[in-house]
Amino acid sequence: MRRYVLRVLSLAAALGLWQALTSLNVDLWLRFSQFPTVTDVGRAFAGRVSGPDYWTDLTDSLTRILTGFLLAAVLGVATGVLVARSRLAEDLLGPVLEVIRPIPAIALVPVAILLFPSNEQGIVFITCTAAFFPVLVSTRHAVRALTPVWEEAVRTMGGGRWRILGSVVLPGALPGVFGGLSVGIGVSWICVISAEMISGQYGVGYRTWQDYTVVDYAGVFVGMVTIGVLGWLTSTAVELLGRRLTRWLPRTAYVPGARPPRPYRSVKPAPAAPAAVPGRARSEEARDEHLV
(Lines give C-alpha, C1' and ligand atoms only; values in the text may rest on other atoms or scores of the structure.)
Protein backbone atom coordinates (compact mmCIF):
# COMPACT_ATOMS: atom_id res chain seq x y z
CA MET A 1 0.00 0.00 0.00
CA ARG A 2 2.88 2.37 0.76
CA ARG A 3 4.33 1.88 -2.72
CA TYR A 4 0.99 2.71 -4.38
CA VAL A 5 0.66 5.81 -2.20
CA LEU A 6 4.11 6.93 -3.33
CA ARG A 7 3.13 6.46 -6.97
CA VAL A 8 -0.03 8.52 -6.54
CA LEU A 9 1.91 11.23 -4.73
CA SER A 10 4.54 11.40 -7.49
CA LEU A 11 1.82 11.81 -10.12
CA ALA A 12 0.06 14.46 -8.02
CA ALA A 13 3.36 16.32 -7.56
CA ALA A 14 3.96 16.35 -11.34
CA LEU A 15 0.45 17.67 -11.99
CA GLY A 16 0.85 20.29 -9.26
CA LEU A 17 4.13 21.48 -10.78
CA TRP A 18 2.48 21.67 -14.21
CA GLN A 19 -0.42 23.71 -12.79
CA ALA A 20 1.90 26.08 -10.94
CA LEU A 21 4.19 26.74 -13.93
CA THR A 22 1.34 27.34 -16.37
CA SER A 23 -0.96 29.33 -14.10
CA LEU A 24 1.90 31.67 -13.07
CA ASN A 25 3.00 32.10 -16.72
CA VAL A 26 6.59 31.17 -15.93
CA ASP A 27 8.97 31.96 -18.82
CA LEU A 28 12.49 30.86 -17.89
CA TRP A 29 13.83 29.94 -21.34
CA LEU A 30 11.01 27.34 -21.50
CA ARG A 31 7.76 29.18 -22.25
CA PHE A 32 5.20 27.64 -19.93
CA SER A 33 2.91 30.58 -20.55
CA GLN A 34 2.02 28.98 -23.91
CA PHE A 35 0.84 25.76 -22.22
CA PRO A 36 -2.73 25.12 -21.07
CA THR A 37 -3.19 24.53 -17.37
CA VAL A 38 -4.22 21.23 -15.83
CA THR A 39 -7.71 22.58 -15.22
CA ASP A 40 -8.04 23.61 -18.88
CA VAL A 41 -7.03 20.12 -20.01
CA GLY A 42 -9.42 18.59 -17.49
CA ARG A 43 -12.34 20.64 -18.79
CA ALA A 44 -11.46 19.78 -22.39
CA PHE A 45 -11.15 16.10 -21.48
CA ALA A 46 -14.57 16.10 -19.80
CA GLY A 47 -16.08 17.71 -22.88
CA ARG A 48 -14.49 15.15 -25.20
CA VAL A 49 -15.53 12.13 -23.13
CA SER A 50 -19.16 13.27 -23.16
CA GLY A 51 -19.19 13.34 -26.98
CA PRO A 52 -19.28 10.42 -29.45
CA ASP A 53 -16.19 11.42 -31.47
CA TYR A 54 -13.78 10.62 -28.63
CA TRP A 55 -14.94 7.03 -28.32
CA THR A 56 -14.95 6.57 -32.09
CA ASP A 57 -11.35 7.76 -32.25
CA LEU A 58 -10.42 5.50 -29.34
CA THR A 59 -12.02 2.45 -30.97
CA ASP A 60 -10.36 3.09 -34.33
CA SER A 61 -6.89 3.52 -32.83
CA LEU A 62 -7.22 0.41 -30.64
CA THR A 63 -8.45 -1.65 -33.60
CA ARG A 64 -5.51 -0.55 -35.72
CA ILE A 65 -2.92 -1.11 -33.02
CA LEU A 66 -4.20 -4.52 -31.97
CA THR A 67 -4.54 -5.78 -35.54
CA GLY A 68 -1.08 -4.66 -36.55
CA PHE A 69 0.54 -5.79 -33.32
CA LEU A 70 -0.98 -9.29 -33.41
CA LEU A 71 0.15 -9.73 -37.02
CA ALA A 72 3.64 -8.54 -36.08
CA ALA A 73 3.76 -10.91 -33.08
CA VAL A 74 2.88 -13.97 -35.17
CA LEU A 75 5.10 -13.07 -38.13
CA GLY A 76 7.99 -11.87 -35.96
CA VAL A 77 8.13 -14.97 -33.78
CA ALA A 78 7.79 -17.34 -36.76
CA THR A 79 10.43 -15.54 -38.81
CA GLY A 80 12.80 -15.21 -35.85
CA VAL A 81 12.63 -18.92 -35.07
CA LEU A 82 13.04 -19.81 -38.74
CA VAL A 83 16.08 -17.58 -39.25
CA ALA A 84 17.71 -18.77 -36.03
CA ARG A 85 17.16 -22.47 -36.73
CA SER A 86 17.76 -22.68 -40.49
CA ARG A 87 20.90 -21.59 -42.32
CA LEU A 88 19.05 -21.58 -45.62
CA ALA A 89 16.39 -19.23 -44.26
CA GLU A 90 19.06 -16.98 -42.78
CA ASP A 91 20.86 -16.78 -46.13
CA LEU A 92 17.65 -16.06 -48.05
CA LEU A 93 15.82 -13.75 -45.64
CA GLY A 94 18.65 -12.29 -43.56
CA PRO A 95 20.05 -9.79 -46.09
CA VAL A 96 16.59 -8.49 -47.08
CA LEU A 97 15.48 -8.07 -43.48
CA GLU A 98 18.68 -6.34 -42.42
CA VAL A 99 18.36 -3.84 -45.27
CA ILE A 100 14.73 -3.02 -44.44
CA ARG A 101 15.13 -3.00 -40.64
CA PRO A 102 16.94 0.40 -40.32
CA ILE A 103 14.20 2.16 -42.32
CA PRO A 104 11.79 3.94 -39.92
CA ALA A 105 8.29 2.57 -40.17
CA ILE A 106 6.83 6.06 -40.48
CA ALA A 107 8.94 6.56 -43.62
CA LEU A 108 6.88 3.79 -45.24
CA VAL A 109 3.74 5.96 -45.32
CA PRO A 110 4.19 6.82 -49.05
CA VAL A 111 4.75 3.14 -49.79
CA ALA A 112 1.58 2.22 -47.89
CA ILE A 113 -0.43 4.86 -49.73
CA LEU A 114 0.74 3.51 -53.09
CA LEU A 115 0.53 -0.15 -52.17
CA PHE A 116 -2.80 -0.52 -50.36
CA PRO A 117 -6.22 0.50 -51.69
CA SER A 118 -7.36 2.12 -48.41
CA ASN A 119 -5.75 4.23 -45.71
CA GLU A 120 -6.96 1.81 -43.04
CA GLN A 121 -4.95 -1.08 -44.48
CA GLY A 122 -1.92 1.18 -44.89
CA ILE A 123 -1.99 2.24 -41.22
CA VAL A 124 -2.24 -1.40 -40.11
CA PHE A 125 0.72 -2.21 -42.37
CA ILE A 126 2.83 0.55 -40.81
CA THR A 127 1.89 -0.57 -37.30
CA CYS A 128 2.75 -4.17 -38.12
CA THR A 129 6.09 -3.20 -39.63
CA ALA A 130 6.99 -1.10 -36.59
CA ALA A 131 6.46 -3.99 -34.16
CA PHE A 132 7.73 -6.75 -36.46
CA PHE A 133 11.46 -6.05 -36.27
CA PRO A 134 11.80 -5.75 -32.46
CA VAL A 135 9.98 -9.08 -32.10
CA LEU A 136 12.06 -10.66 -34.85
CA VAL A 137 15.41 -9.59 -33.42
CA SER A 138 14.52 -10.55 -29.83
CA THR A 139 13.23 -13.96 -30.90
CA ARG A 140 16.28 -14.66 -33.04
CA HIS A 141 18.71 -13.83 -30.24
CA ALA A 142 16.67 -15.76 -27.67
CA VAL A 143 16.60 -18.92 -29.81
CA ARG A 144 20.32 -18.74 -30.55
CA ALA A 145 21.10 -18.31 -26.86
CA LEU A 146 19.43 -21.59 -25.85
CA THR A 147 21.62 -24.26 -24.26
CA PRO A 148 22.36 -27.08 -26.77
CA VAL A 149 22.20 -29.65 -23.96
CA TRP A 150 18.40 -29.33 -23.80
CA GLU A 151 18.01 -30.18 -27.48
CA GLU A 152 20.44 -33.07 -27.21
CA ALA A 153 18.49 -34.45 -24.25
CA VAL A 154 15.24 -34.45 -26.27
CA ARG A 155 16.99 -36.11 -29.21
CA THR A 156 18.38 -38.78 -26.89
CA MET A 157 14.87 -39.64 -25.75
CA GLY A 158 13.70 -39.99 -29.38
CA GLY A 159 12.16 -36.55 -29.95
CA GLY A 160 12.02 -35.07 -33.45
CA ARG A 161 12.13 -31.51 -34.78
CA TRP A 162 8.56 -30.61 -33.83
CA ARG A 163 9.05 -32.06 -30.38
CA ILE A 164 12.19 -29.97 -29.92
CA LEU A 165 10.38 -26.88 -31.21
CA GLY A 166 7.45 -27.29 -28.83
CA SER A 167 9.35 -28.52 -25.77
CA VAL A 168 12.66 -26.64 -25.93
CA VAL A 169 12.81 -23.80 -28.46
CA LEU A 170 9.53 -21.95 -27.88
CA PRO A 171 9.39 -22.30 -24.06
CA GLY A 172 13.07 -21.41 -23.68
CA ALA A 173 12.78 -18.36 -25.93
CA LEU A 174 9.62 -16.96 -24.29
CA PRO A 175 11.43 -14.45 -22.02
CA GLY A 176 13.23 -12.96 -25.01
CA VAL A 177 10.08 -13.01 -27.12
CA PHE A 178 8.11 -11.02 -24.57
CA GLY A 179 10.97 -8.57 -24.25
CA GLY A 180 10.58 -7.88 -27.96
CA LEU A 181 6.81 -7.68 -27.64
CA SER A 182 7.10 -5.09 -24.89
CA VAL A 183 9.32 -2.94 -27.09
CA GLY A 184 7.16 -3.57 -30.15
CA ILE A 185 3.91 -2.39 -28.57
CA GLY A 186 5.50 0.94 -27.64
CA VAL A 187 6.94 1.46 -31.11
CA SER A 188 3.58 0.51 -32.62
CA TRP A 189 1.82 3.29 -30.72
CA ILE A 190 4.38 5.84 -31.92
CA CYS A 191 3.94 4.82 -35.54
CA VAL A 192 0.17 4.40 -35.55
CA ILE A 193 -0.30 7.89 -34.10
CA SER A 194 2.10 9.35 -36.66
CA ALA A 195 0.38 7.50 -39.50
CA GLU A 196 -3.03 8.75 -38.33
CA MET A 197 -1.69 12.30 -38.31
CA ILE A 198 -0.49 11.97 -41.90
CA SER A 199 -3.12 9.91 -43.69
CA GLY A 200 -5.75 8.81 -41.19
CA GLN A 201 -9.44 9.50 -40.86
CA TYR A 202 -10.55 9.32 -37.26
CA GLY A 203 -8.27 8.03 -34.53
CA VAL A 204 -6.50 9.64 -31.59
CA GLY A 205 -3.57 10.80 -33.71
CA TYR A 206 -5.85 12.29 -36.37
CA ARG A 207 -7.88 14.18 -33.75
CA THR A 208 -4.75 15.46 -32.01
CA TRP A 209 -3.40 16.86 -35.27
CA GLN A 210 -6.72 18.49 -36.07
CA ASP A 211 -6.72 20.19 -32.67
CA TYR A 212 -3.25 21.53 -33.37
CA THR A 213 -4.27 22.96 -36.73
CA VAL A 214 -7.15 24.89 -35.14
CA VAL A 215 -4.91 26.04 -32.23
CA ASP A 216 -6.82 24.05 -29.61
CA TYR A 217 -3.87 23.29 -27.34
CA ALA A 218 -6.02 21.87 -24.56
CA GLY A 219 -7.39 19.34 -27.07
CA VAL A 220 -3.82 18.49 -28.10
CA PHE A 221 -2.98 17.64 -24.51
CA VAL A 222 -6.14 15.55 -24.23
CA GLY A 223 -4.87 13.48 -27.15
CA MET A 224 -1.41 13.20 -25.61
CA VAL A 225 -2.80 12.02 -22.28
CA THR A 226 -5.04 9.51 -24.05
CA ILE A 227 -2.10 8.13 -26.03
CA GLY A 228 -0.01 7.83 -22.87
CA VAL A 229 -2.72 6.00 -20.93
CA LEU A 230 -3.46 3.62 -23.80
CA GLY A 231 0.23 2.86 -24.28
CA TRP A 232 0.68 2.20 -20.59
CA LEU A 233 -2.33 -0.14 -20.44
CA THR A 234 -1.28 -2.19 -23.47
CA SER A 235 2.34 -2.45 -22.33
CA THR A 236 1.19 -3.57 -18.88
CA ALA A 237 -1.08 -6.19 -20.45
CA VAL A 238 1.81 -7.60 -22.50
CA GLU A 239 4.07 -7.67 -19.45
CA LEU A 240 1.45 -9.41 -17.29
CA LEU A 241 0.84 -12.00 -20.02
CA GLY A 242 4.57 -12.62 -20.25
CA ARG A 243 4.82 -13.19 -16.49
CA ARG A 244 1.85 -15.51 -16.63
CA LEU A 245 3.32 -17.66 -19.40
CA THR A 246 6.82 -17.73 -17.88
CA ARG A 247 5.85 -18.26 -14.24
CA TRP A 248 7.88 -21.48 -14.25
CA LEU A 249 11.09 -19.47 -14.51
CA PRO A 250 13.04 -18.62 -11.34
CA ARG A 251 12.52 -14.97 -10.43
CA THR A 252 15.99 -13.72 -9.65
CA ALA A 253 15.32 -10.10 -10.61
CA TYR A 254 13.28 -7.54 -8.71
CA VAL A 255 9.56 -8.25 -8.78
CA PRO A 256 7.26 -5.34 -7.78
CA GLY A 257 5.33 -6.11 -4.62
CA ALA A 258 7.44 -9.07 -3.59
CA ARG A 259 9.11 -9.26 -0.21
CA PRO A 260 12.88 -9.09 -0.22
CA PRO A 261 14.59 -12.38 0.65
CA ARG A 262 15.89 -12.87 4.15
CA PRO A 263 19.59 -12.24 4.57
CA TYR A 264 21.75 -15.34 4.61
CA ARG A 265 23.06 -16.25 8.02
CA SER A 266 26.24 -18.19 8.02
CA VAL A 267 26.57 -20.94 10.59
CA LYS A 268 29.64 -20.50 12.68
CA PRO A 269 31.79 -23.64 12.72
CA ALA A 270 32.30 -25.36 16.03
CA PRO A 271 35.50 -24.35 17.77
CA ALA A 272 38.31 -26.75 17.08
CA ALA A 273 39.84 -28.73 19.89
CA PRO A 274 43.06 -27.22 21.22
CA ALA A 275 46.19 -28.78 19.84
CA ALA A 276 48.15 -31.02 22.18
CA VAL A 277 51.34 -29.62 23.67
CA PRO A 278 54.31 -32.08 23.45
CA GLY A 279 55.63 -31.37 27.00
CA ARG A 280 52.20 -31.66 28.53
CA ALA A 281 51.59 -34.98 26.77
CA ARG A 282 54.89 -36.42 28.16
CA SER A 283 54.01 -35.34 31.72
CA GLU A 284 50.62 -37.06 31.43
CA GLU A 285 52.31 -40.27 30.22
CA ALA A 286 54.81 -40.19 33.16
CA ARG A 287 51.95 -39.74 35.62
CA ASP A 288 50.11 -42.72 34.12
CA GLU A 289 53.27 -44.91 34.40
CA HIS A 290 53.74 -43.86 38.06
CA LEU A 291 50.15 -44.82 38.86
CA VAL A 292 50.62 -48.21 37.20
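Analyst: Buried means under 20% relative accessible area, exposed means over 50%, and partly exposed lies in between (1.4 Å probe, protein chains only). The model is predicted: local features need pLDDT of at least 70, side-chain atom pairs count only at pLDDT 80 or more, and totals for chains, interfaces and linings use all residues. Residues are numbered from 1 along each chain as its sequence is written, and side-chain values use heavy atoms, without hydrogens and water.

User: Why is Thr79 called buried?

Analyst: Its relative accessible area is 17%. The cut-off is under 20%, so Thr79 counts as buried.

User: What makes the segment around Thr79 a helix?

Analyst: Thr79 sits in helix α3, residues 52-85. Helices are DSSP runs of H or I with at least four residues (strands are runs of E with at least two), numbered from the N terminus.

User: Which backbone atom lies 2.7 Å from the side chain of Thr79, and what makes the pair a polar contact?

Analyst: The backbone oxygen of Leu75 lies at that distance from a polar side-chain atom of Thr79. A polar contact needs N or O atoms within 3.5 Å; within protein, one must be able to donate a hydrogen and the other to accept it, and residues adjacent in sequence count only if both atoms are side-chain atoms. The value of 2.7 Å falls within that limit.

User: Which residues does Thr79 contact, leaving aside neighbours within four places in sequence?

Analyst: Leu93, Leu97, Phe132 and Leu136. Contact means heavy atoms within 4.5 Å.

User: What makes Glu196 and Arg64 a salt bridge?

Analyst: The rule asks for a side-chain nitrogen of Lys or Arg within 4 Å of a carboxyl oxygen of Asp or Glu. Here the closest N and O atoms are 2.8 Å apart, so the pair qualifies. Glu196 lies in helix α8 (residues 161-199) and Arg64 in helix α3, 132 residues apart. Both Glu196 and Arg64 are buried.

User: How do you know that Arg144 and Glu90 tie together separate parts of the sequence?

Analyst: They form a salt bridge, with N and O 3.0 Å apart at the closest. Arg144 belongs to helix α6 (residues 119-144) and Glu90 to helix α4 (residues 87-100), so the bridge joins parts 54 residues apart in sequence.

User: Where do Glu239 and Arg243 lie?

Analyst: Both are in helix α10 (residues 217-245), four residues apart, about one turn of the helix.

User: How many salt bridges does the rule give?

Analyst: The count is 10.
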